[in-house]
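Let's take a walk through this structure together. Keep the 3D view open and follow along.

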Amino acid sequence: MYGDQDSGFFPRMVGPPKDFLRGSVNNRPFRPGGLEDSQSSERVLPEGVSSGQWVQELLNGGPAQTVPPSFKQSLDLGDLMPYPQTWSVYEDHSSHGNASDENSSKLSIQFDDLFKKAWEEDTFSELEGDDHTAGSESPKAEAEPDAKASISNEVSKGLETDVTVLDEILSSAKTAIMSEEAVTGSSDKQLRKEGWATKGDSQDIADRFYELVPDMAIEFPFELDNFQKEAICCLEKGESVFVAAHTSAGKTVVAEYAFALATKHCTRAVYTAPIKTISNQKYRDFCGKFDVGLLTGDVSIRPEASCLIMTTEILRSMLYRGADIIRDIEWVIFDEVHYVNDVERGVVWEEVIIMLPRHINFVLLSATVPNTFEFADWIGRTKQKEIRVTGTTKRPVPLEHCLFYSGELYKVCENEVFLSKGIKDAKDSQKKKNSNAVSVAPKQQMGSSAHQDGSKSQKHEAHSRGKQNKHSSVKDVGKSSYSGNSQNNGAFRRSAASNWLLLINKLSKMSLLPVVVFCFSKNYCDRCADALTGTDLTSSSEKSEIRVFCDKAFSRLKGSDRNLPQVLRLQSLLHRGIGVHHAGLLPIVKEVVEMLFCRGVIKVLFSTETFAMGVNAPARTVVFDALRKFDGKEFRQLLPGEYTQMAGRAGRRGLDKTGTVVVMCRDEVPDESDLRRVIVGSATRLESQFRLTYIMILHLLRVEELKVEDMLKRSFAEFHAQKKLPEKQQLLMIKRSLPTKHIECIKGEPAIEDYYDMYMEANEYNNKMSEAVMQSPYAQSFLVQGRVVVMKSGMGIDNLLGIVLKGPSNTNRQYVVLVIKSEIPPPEKNMVSIGKKSSDPSQGYFIAPKSKRGFEEEFYTKPSSRKGPVVIKIELPYHGVAAGVGYEVKGFDNKEFLCICDSKIKIDQVRLLEDGNKAAFSQTVQQLLDLKSDGNKFPPALDPVKDLKLKDAELVETYYKWTNLLQKMSMNKCHGCVKLEEHMKLAREIKKHKTDLKDLEFQMSDEALLQMPAFQGRIDVLKNIGCIDDDLVVQIKGRVACEMNSGEELICTVCLFENQFEELEPEEAVAIMSAFVFQQKNTSAPTLTPKLAKAKQRLYDTAIRLGELQAQYNLQIDPEEYAQENLKFGLVEVVYEWAKGTPFAEICELTDVPEGLIVRTIVRLDETCREFKNAAAIMGNSALHKKMDAASNAIKRDIVFAASLYVTGV
């Protein structure tokens, strides 16, 4: 096993015992595994050192560098004495060991040699290999070439020897590994390797399991499955393993074996889970087997134990704070790895995986996901170690899926095979029911509609409970948890009761109880349970067991808390075999429900989906109340992975042959496509939710050798880009080695690259302008006969000067335009344009000089005076030569116009289009050529404001840039050149080559990272606030921010440094602090004292100010949303009264927030008080420290901090 490595260059001493477990912000974190070969892990030297500038300045008589980087002051050393210009060169005789030591001494560079080389060549960067190993004389400044050559040869020889030694070491290590695998009978030759993720033959390992693992660390009382044997075999060899299997398939066996190995090796193992409930339950499960400790936000039990169970956030904090306990950890077990998809907390998994040191091995437990190998490959590549992937898609208890409609069950899926017959039968039943409903009496119709309304209303009732009817009593259970119209409540109760009674009776007759009913609303769970008023599902012996258990569990509560409405109501339900489980319940009530359900005395449990992940309690049957849920933003269909997770609770291993999953259908049967997608669809892929946080940046900036860029590179989001870097590096080297192409200009210095840049820029402007300007009604009104225009060239690079001869008509939708093509064309061909089709008007137009124009003596007759429409008789396109240039007449669409000029020429349509008179064409072309002003090659364009009526200022500016660019191109010497086509192709290739090089260099740089813009913005925010200085050194504000884990770090830090709690009493301070940890958005408005209201407004204004600051640095943050998302003041009044000593029953009446959320908020608030106490110690604010201590003591009492039943036992 590798030893731990500190992130710095010097080993860190073990810290004080009080920091052994949690670490300290003063500690450096251990170097993450896989970072050893990273350049960023090397010391970053100032530019003056690496360039030799400081040495050169000193040798030239300049001052010495006395202020270290990031320091503002230093000692005054006075004037330095001149140093003699002789240099001592000597051989290092201190090491006379093995070959590698000798080589290292040969390659060492002495301090005097640095100055000598800088003196000789005025550079510091060419020092490599200039270590003199011959003689101990004092040579002069000039060295002989032979001596240099011998030194170079010796260095090269030393390097070769080092390489040889390294090869021998690697070769011997490889031989040892191969021999060890041969001894253990490893089947690695059968491995299927994909990058760093490998998969072996689990059947072969299972057949030889007891030969491979003769002495197991722990014996199991049952035969292990193949994937379990494969995983255990990998653990015995010290390999990391990724286990993907369905719920209840036995993944926990692998975790237990890692615990057993840690115990056997006298090391530690850490089990991390996403939910506190899982941590508590696992603590109870492992307590009798191992030496177990528990670490959560509010509980710390036996932290010295060899096997620790903790939440992932706790482990992340330990890694960032460099806790010494990390040195002892051999295994980290990640349970429910698919939780990495969680938008809010998924980033924590990635951070922990990246930050773990190399000596720690992984055990990853996950539900079946499509991209297991991809995720394992990312972990392996990040940590530079192979990850063995194993698991099974086979369910220990097969599932059958049914629809429940109109009192009957219709099987739609069995053994992962979808059955279309079942859904067809359900659809037929629906049609039959609907046809019968047509003839029912009006009274019955009204009842049916009431039933429908009641069932549909459940999705809108999530936040409908008011203060006056949030709690229910045992006597009046029928009225509990309802608000609104009593008739609607009564209708809902009747319809819900009838539906659930039908289903429960059906399941009871088929011996399919107990059942978990998954509803997607806390309020709806309560309402469904309360609707079953007359249902009793327990025997007398079960009632007695429930009563005894409840009495014993609730006996730890004081008198007033035992009589809380929720406690009494749940006991009434539990006695009848009905349970409710959701986040709104008190923690102790939830645990009572979970334990009774595991005992089998609860027959029907209405639960939200958290039960599927947080509790290992399988049932005989699972029922889905609906296949749609509200995810906090919108109502949507269940994802296949969510359905699979919940459906996996059906079927108890060893008790049931099959598990049953039922989908409730009230009004209609779901479509087959929707059902097929949810039931047998592919599970959700593991995807990165990595995002930068301020606390992450500050923790990494605390250590010079760990860069934030390294964290970004190693995130799962950047995995594919980083994986392709070697290919890109090779491609970059190939492109750099290609010969450079040069352009030889016949007119002197080449200007084609400038011309090409103008050409491309004009293309961009044209794309913006063509739609907005050229096709506008004002522009169309100018496109009449005689208007001078600039057209796109059909094939060439140059754009064409032309004149409109005829507008569109009913028979021809195109404009007929005469365009000047080029100089005199070859007689055997039509006018041929140069290059590619241009979509850009920026190209200038070639106009032949007078010296090249042909001399024509033609008689110009008067224009024809014939009236009526002109008929085009010439064949389009029509080509010809006039005035020494070629021209073409053809049809153009309005999209092909690039520019409309302000000039207009009088033309004779009849002679041009009907007669094809050469004299008329010659006259028209000559007029076009004469339209030059001030040396420009084409007439000026129409004014965008006066003529084209453009009102958009940005569009007008673009239009001016566009026309100016057109003028510049026409003045360029490349315009009209005979080699323009050839040179433009070369310029395009050269430009593409340069662009490709830049793109590759960018993709390989840190700037290409997806999160890099956000990183730069957050760095600027931290500088502005004062958490870091200009040299990115963490200041005291930043150290305080590192302590803030439960609230938004910026708001908390600024709040503390503005001393916003100074005038508040401890009870008031802790009440305002509840805004940091409370999470529910919609609550009843609290009633606050003037002092609390003022403090609330001040804190909210701080959040708005910070939101505006972040938006100013281009972070995608809306200040109002930022403040509302991070500060929720719904429980300020409740917490204030609780801190003053008000009983829990009374504070519950002050709000519509469920009791469970109140308790959860106050428990988290205690953790926030501890963080603020630590921050006060860093700040040196003793008054704040005392205030937070008093606030913590004020809220720590009674039912809120009642110990978990899993931890203390019942």
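## A helix and a charged patch

Find helix α39, which covers residues 1090-1112: Glu 1108 sits in it. Keep in mind that you're looking at a predicted model.

Together with Glu 344, Asp 1118, Glu 1120, Glu 1121 and Glu 1125, it makes up a patch of negative charge on the surface. Which helix gives the largest share of that patch? That would be α40 (residues 1119-1126), with three residues.

## A helix tucked away

Now jump to helix α17, residues 522-531. Nine of its ten residues are buried, so the rest of the structure largely encloses this helix. Among the buried ones are Tyr 524, Cys 525, Arg 527 and Cys 528.

Have a look at the start of α17 too: there, Ser 521 points a side-chain oxygen to within 3.4 Å of the backbone nitrogen of Asn 523. Asn 523 itself is one of the buried residues.

Last stop: the loop that links β25 (885-892) and β26 (897-904), where you'll find Asp 893. This residue has a relative accessibility of 38%, so it counts as partly exposed.

Asp 893 and Gln 814 are 79 residues apart along the chain, yet their C-alpha atoms are separated by 5.2 Å. Their side chains are joined as well, by a polar contact of 3.3 Å.

How values were computed: Residues numbered from 1 in each chain as written. Predicted model: local features only at pLDDT ≥ 70, side-chain atom pairs only at ≥ 80, totals over all residues. Heavy atoms only, no water. Helix = DSSP H or I, 4+ residues; strand = E, 2+ residues; numbered from the N terminus. Buried < 20%, exposed > 50% of the residue type's maximum accessible area, 1.4 Å probe, protein only. Polar contact = N/O pair within 3.5 Å; in protein donor to acceptor, adjacent residues only side chain to side chain. Patch = residues over 30% accessible without salt bridge, like charges linked within 9 Å, V, L, I, M, F, W, Y side chains within 5 Å. Areas by Shrake-Rupley, 256 points an atom, 1.4 Å probe, with all protein chains shown as cover. Salt bridge = Lys/Arg side-chain N within 4 Å of Asp/Glu carboxyl O. Lys, Arg positive; Asp, Glu negative; His and termini not counted. Charge placed at Lys NZ, Arg CZ, Asp CG, Glu CD.
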